[in-house]
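The sequence and the structure are shown first.

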Amino acid sequence: MARLDCFNVFISKQFYRYGKLLARHPAVFLIVPLVVAACLSSGMLFLTIETDATYLFTPDDSRAKDEILEMSKLFPVDHERFYPNRLLTNYEQSGNIVVTAKGSGNVLDEDTMEEIVQLNKLVRTMELKSVGFNGTITFADICVHFQPDECFDDPVLKLLNYTSKNVKTMNFTYPLSYLNLADMITMPADTTFDFLPEGLSEGNPFSFDDAGDFLSAFPDLSYLIPNAPKNISINIGATLGGVVLYEGTDIVKSAEAMFLMYFLRSSTEEETLLAGEWEQLFLQKLVEVGKTYKHIELSMFASSTLSDELIAMASRVMPRFCITFSLLIMFAVGSCMMADWVQSKPWLGQFGVISAMLAIASSMGLLSYCGVPFNEVTASMPFLAIGIGIDDMFIMLATWRKTSVRLPVEERLGQTYSEAAVSITITSVTDALAFGIGSITKLPAIRVFCLYTGIAIIFDYLYQISFFGACMVYTGRREANNKHCTTLKQVLPKDEATSKCYYICCAGGVSKTSSSGEHSEHALMRFFKNYYGPFITTPIMKVFTVLLYMVYVAAAILGCFHVTEGMQYKDIFSDDSYAHTFMIERVQYFTAFAVPVGVVFTEPLAYWEKDVQLQVENITQTFEQNKYVYDSRFTDSWLRKYLEYLEMEEIYSIRSNSTGLDKDLFISRLQDSFLTHPLYEQFSLDVRFETVSDEVVIASSRLVLMPGNLTTTIEESNFMLEIRALADAAPVPVLVTSPPFEFFEQYLVVLPNTIQNLIIATVCMCIISLIFIPHPISALMITFCIISIEVGIIGFMSFWGVNMDGVSMINIILCIGFSVDFSAHITYSFVTAPCDTGNEAAIYALHSLGMPIVQGALSTIVGIIAIATSPAYIFRSFFKTMFLVMTLGLLHGILFLPVLLTLLRPCMRLKKRKPNEKADKNVIEIVIDPENNKPKMETGIETVRLSVKNGNGVVARDDPVEKKEAIPVEADDENEPEKEAFL
């Protein structure tokens, strides 16, 4: 044991010397941290906020990110020939509205549809006055084009010809709504369609070429499928939500919601700026008019909403930090007060909070100087860092109270630092290491949070042993002069009080002629020693505690099987945000059809050959057979349609031809006829030609799949994994991509990253604990507590509605550091206690450390209590998991662990003390000679036990002392190990 604790002894000795140095020059250690903090804090002038949620919650090694980048190079978005289902690389600038019906619950009622038509007209005609643009701008000036100079229109409104009365005569079928072109020209005279080609009437025949003219004026949300010369099918599945069909048919009876989209051009910097201004006007206008409608309710979203909401959320949480600061000031001051106006330290409690705030400001300023952007998740950092900082203050004060008030301030601070500084070094190293491990995670939002918080903890540690130590010196000098803690006037001790009122309001301190001459114990310490400790060590309570722990473990394990992985889109926004409502309604009504998936053949293929055509078709059918992908009716395959076109033109027979088609004929017909025909021109976005050696080849092509019914994060992640597995197994190079895949990938990394970080952190914590607290039982108990608390947090957070996402991963990693705080010291205190029985050792450990553990847990809870009612899921999730960390850690530290240690005491083989026998060769027992007040080295009833520090001894005082007072003496050997004893 003596060999193992050499590092601990060395650190303790150095801190002892440092504490005495600080006590001699407190002004330097007070001013320098303030100057450093002021310089670093100025960096917050350069603070930037990261608002790209896709970047924040997408893993660094994201496959989706690389695939989307490849897709954007091969098939960039064309704003002049825009098809929403070809939006496979990113989310374009746009305004989006989910319209729900109030009364009837059916948006297809005439009155409801009338207001939807009015709403659409309002959006399209509202005028934007831009500073950098002459005149006013409307939607038509910056919209994407389905056809030249024609904005993309909503298919349902287009089918109704923007006339609500047509909803009575239109029978929508779902999800494909069919138009019989022959019937359209025989409709009643009052049913008009302004998109019909000129000359098309009842007396004029309708040809296949006319269908092309017709379609050139008719948009579709996904694509248009020509089933026969007289029938056109339009996909309205992504436009109508909450659809109810007539029994046994595909005819729509009612629909609860309707999705309106307004896409904007952003090809140039000027267009991007104008689109951003239009979006702001769009949101502002809808907020103004939203409550004026009688039959519809609106929820809206724009591409700029995400960044705006993230900035607003980070700003809204700052006032809550003011509440936290006030609560912690009151808590710290209250914890530093005693029934003694001299020994109370209210100002020191406030300086402890200020020290923690200096650390937070320094961390934010330093990282702002380094260009590390702040983000929504990082906004939780101040609440946590300030709580951890207060924990260190309580440890320092608890150790200060154990020193003799008769010692000089310099010696008292030296003794405080030799013990407390080692303790806060352990906690700071473990906490900083936990965040250091968290900073290697693949999610940028979590990595930045861990970086900010880890550096804040380091600064807190540095300011605690410098700035706060200097404040302790001045407080110690006040105590030495017996001055009142608030008025700073010298007062009389309680035993010399002149009146009852003076005794209550003014008196305090220790008289030089007092028989005790020492601090009175804090009430909480007496509670642990006299009541709580003896109570939990009774046989009945031990049995109850063991049973309670078994119930705890069973419930935690059960909860682990119900954990939901990943953060949903709605969780990014505040509950009271219009965007939060929009995301809920989009999931509620429009999950039947998800964002399309692009399947890209990245290398040139001989598409004109029969074998290649069959190979591509087999790959396509393999994707369509996936349970999350709709059938071939919803697949947009240029090759299928082209082969059908060739067969219809009697150029090629799919069934009879066994060798394929001539290459030149295949390419020329594809370029000159098929891709220029109004029915098929959208497929020109799916084929990329290149000229190689004067020959035109199809360098790459793609098809579009329509997934749906992805209602949970598990289904989303499973779909992405399954579709990727099919692409990887394809006989030719294929990549699959969709914009949501970037967000889905967080579901894949959260759990593996959490497990990886837990293993790394647990091993590191055990090593650090063995270095600072060199006892094998301590390492065993630390490991036990880490595992037990982690299982409890993961299990119980599922019962509390917290998902396994990036935010909870932070706290699970942080929990490792707190597990060490709760378990290491109380375990070491137990195994080194000068007691004969396990019950006595448990009481001793609780008496020594129960109060700092409770104060530390409560201070952290107080630090985060202000965000408990936050409207943002991220902050509520942070509070819930941190609350679980604190309560479960506290439960282990003051109940489960002490009782378990008493049961394991017989297995520890710790040496028992015999009566009148020295407990350790490094413990010196002395007796005070009442006649000359000199210490004598002998044993007997008058002996006392003390701690002798090598080279740090203090000459015995000449003033009278009691027999139970420790008299520091000079060590005989400078190189002898530190000798410890316990009063």
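## Strand pairing and helix packing

In this predicted model, strand 14 (residues 687-692) and strand 15 (residues 695-705) run antiparallel and are joined by six bridges. Arg688 has Ser700 of strand 15 opposite it. The hairpin that strand 14 and strand 15 make has two residues between the strands, and Ser693 there takes a positive phi near 55°.

A further pairing belongs to an open sheet of four strands, whose order is 9-10-1-11 and whose pairing is antiparallel. Strand 9 (240-245) and strand 11 (296-302) each have a single partner strand and stand at the edges, so one side of each lacks a neighbour in the sheet. From one strand to the next, the twist averages 20°. Within this sheet, strand 9 and strand 10 (residues 252-263) run antiparallel and are joined by five bridges. Leu240 stands opposite Met258, which lies in strand 10.

| Strand pair | Bridges | Residues standing opposite |
|---|---|---|
| Strand 14 and strand 15 | Six bridges | Arg688 and Ser700 |
| Strand 9 and strand 10 | Five bridges | Leu240 and Met258 |

Which strands does helix 5 lie across? Helix 5 (residues 110-125) lies across strand 1 (94-101), strand 10 and strand 11, and runs at about 5° to strand 10. Helix 20 (residues 578-589) also packs on the sheet, where it touches strand 1, strand 9, strand 10 and strand 11. The direction of helix 20 makes about 105° with that of strand 11.

How values were computed. Residues numbered from 1 in each chain as written. Predicted model: local features only at pLDDT ≥ 70, side-chain atom pairs only at ≥ 80, totals over all residues. Heavy atoms only, no water. Pairing = 2+ DSSP bridges. Axes fitted to C-alpha atoms, helices over the stretch in contact; angles between N-to-C directions. Contact = heavy atoms within 4.5 Å.
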